[in-house]
Amino acid sequence: MPAIVLVGAQWGDEGKGKVTDLLGSSVDYCVRYQGGNNAGHTVVVDGESYAVHLLPSGVITPGCVPVIGNGVVVDPAVLLDEIAMLEARGVSTDRLLISANAHLIAPYHATIDKVTERFLGKNQIGTTGRGIGPTYADKVNRVGVRVQDLFDPGILRQKVEGALDQKNHLLLKVYNRRAITVNEIVDGFLRYADALRPKVADTSAVLNSALDDNKVVLLEGAQATMLDVDHGTYPFVTSSNPTAGGACIGSGVGPTRIDRVVGVLKAYTTRVGAGPFPTELHDADGQHLRKVGGEYGVTTGRPRRCGWFDAVIAKYSTRINGFTDYFLTKLDVLSGFERVPICVAYDVDGVRHDEMPMTQTDFHHARPIFEYLDGWWEDISGCRSFEDLPKAAQAYMKRLEELIGAPVAGVGVGPGRDEVIAIRELVPAA
């Protein structure tokens, strides 16, 4: 059975956890392939809300094997706290597998993240301060510490010493912070070794074997396309590749094994942190979207910036990821608007752009060109087919589908697991 990739098509928080939960018993393995605990998924099951930050959202699904891939950066304290939280609520994490090649977030990474962001002043990126960026930087600089190093104290000490040779100069001489000792980092890491050891595996081998056995493997990205370090709104991006290409690198599953790439979109647009956002609303409509949509970060609690649907970035996401299907979430939030705008192009200094502007400068100056559709007043949370939707909501969906370049396979009409309109199957038949 081929693998399926699930990617956010905007700036994150689109509802990927909901889609994973909907796939339910169809998925045998759910793999988180990048990011760290700077992201989060909320899954609502039987009225119970579960927030996960490092664990794949498939951990909530009985029988599904949750996997933390090699492309993830792991804060072991956060991971064990999250496991304990779920276990206390009756959710088993016994099946969890963690890649031996995943990199570890050390306390010095979070320290450097916070002081660096502070020193940027008005040019801040808007990081969560959890050490994700510095951990990926160490990975690329080849001074990182991996999960497997927890089980070889000699190698662990050697790697921490090498990392701190650089970090302490930076902390002392640039940021006027205290030096960090090797012992405090090594001893701290070793405290987690016994708890994590049973869950650590060669996850690439496990996943490829599962595919050979005709199992369904779902590869789940954190953040989203517009936060991709290569293809997002740089430099206001994350430090990894949430796009579909990153799924192969972060899981060890080759591209020829992927059959379907599903993009997740909100029926409007949100963003957390700094950076350009052409359709952002600073008025009562924006406040309404935030309130009705519950637009506050799962991980940070920060209020999300809200705006109308941006078809330019959606079309761009289709191109970058090669989406075969889309799942549209939170259509119900738009109920009650007299007119619903869609951004179909940008005006950049008097020039119309139907595609994403090539340069950062042009995108910063982009102003939305809107097309206005009739709104609807009905409560659509009880709709279970496309035909159940009000005619105006049907027209809105059809227009989005025309603009984004891939078919819509499902629609979320409320926060619950069952508040969904299924249009076509996301998992191919075996």
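Two strands pair if DSSP finds at least two bridges between them. Strands here are DSSP runs (E, at least two residues), helices are runs of H or I with at least four residues, and both are numbered from the N terminus.

This is a predicted model, in which local features need pLDDT of at least 70, side-chain atom pairs count only at pLDDT 80 or more, and totals for chains, interfaces and linings use all residues. Residues are numbered from 1 along each chain as its sequence is written, and side-chain values use heavy atoms, with hydrogens and water left out.

**The sheet**

Strands of a sheet pair through backbone hydrogen bonds, either parallel or antiparallel.

| Strands | Sense | Bridges |
|---|---|---|
| Strand 2 and strand 5 (residues 65-68) | parallel | 4 bridges |
| Strand 2 and strand 10 (residues 217-220) | parallel | 4 bridges |
| Strand 11 (residues 258-266) and strand 15 (residues 325-329) | parallel | 5 bridges |

Single residues mark these pairings. Arg32 has Ile68 in strand 5 as its bridge partner. Cys30 stands opposite Leu218 in strand 10. Val264 has Phe327 in strand 15 as its bridge partner.

Strand 2 (residues 29-32) is covered on both faces. Tyr29 and Val31 are buried on one side, and Cys30 and Arg32 are buried on the other. Buried means under 20% relative accessible area (1.4 Å probe, protein chains only).

**Helices on the sheet**

**A pocket**

The second largest pocket holds about 270 Å³ of space. A pocket is an open set of points on a 1 Å grid where a 1.4 Å probe fits, with protein on both sides within 12 Å along at least five of seven lines; lining residues have an atom within 4 Å of a point. The volume is the space filled by probe spheres set on the points.

The lining has 16 residues. Tyr136, Lys139, Ser239, Ser240 and Asn241 lie nearest the centre. Helix 4 (132-141) and helix 9 (244-251) are the elements that give two or more residues. Helix 4 gives the most, with 5 residues.

How values were computed: Buried means under 20% relative accessible area, exposed over 50%, partly exposed in between (1.4 Å probe, protein chains only).
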